[in-house]
Amino acid sequence: MVDEVRAKFWGGQLDALLEEIARDAAICGVKLLDPGVIERVLKNDESVCAQKNPIAFKKLRELLMLGFVTREKAADRLGAVETEAILTVIRDHLQARHEGKLGGTPGSGKPASKG
């Protein structure tokens, strides 16, 4: 029961964070799930934006950094496998909700391949 409550808590935290990341990415026109894009955002490369919006881009970058910290904390509390399973479900849900605006391969929870 405790593990179920913990998983629900961390799933909710990650879902809310990833939803806000997806929203800011959509505002900026950033295809986060395409190869190398997250790294470019973290390096403060605004050229990944299809729409110029410095405030939304700054928030997106900060939320991505927070996302990595939150994922690590969730993995510490739940385990890496459980955390990845939760993130895959959330990614698939976000990708479907944002109709391909995030890039990547629909339904896979993973970035698109380069080939």
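Helices (H or I, at least four residues) and strands (E, at least two) are taken as DSSP runs and numbered from the N terminus. On this basis the elements of the protein run α-α-α-α from the N terminus on, a total of 4 helices and 0 strands.

The model is predicted: local features need pLDDT of at least 70, side-chain atom pairs count only at pLDDT 80 or more, and totals for chains, interfaces and linings use all residues. Residues are numbered from 1 along each chain as its sequence is written, and side-chain values use heavy atoms, with hydrogens and water left out.

Of the 115 residues of the protein, 32% are buried, where buried means under 20% relative accessible area, exposed over 50%, and partly exposed in between (1.4 Å probe, protein chains only).

Helix 4 comprises 18 residues, 80-97. At 1.5 Å times one less than its number of residues, helix 4 should span 26 Å, and its end C-alpha atoms lie 25 Å apart, which agrees. Its two sets of residues are listed below.

| Class in helix 4 | Residues |
|---|---|
| Buried (under 20% relative accessible area) | Thr83, Ile86, Leu87, Ile90, Leu94, Gln95 |
| Exposed (over 50% relative accessible area), on the other side | Val81, Val89, Ala96 |

Seen down the axis of helix 4, the buried residues fall within an arc of 165 degrees (directions from the helix axis to the C-beta atoms), so they line one face of the helix. An α-helix has 3.6 residues a turn, so residues three or four places apart point the same way. Helix 4 is followed by Glu99, whose phi is positive, near 45 degrees.
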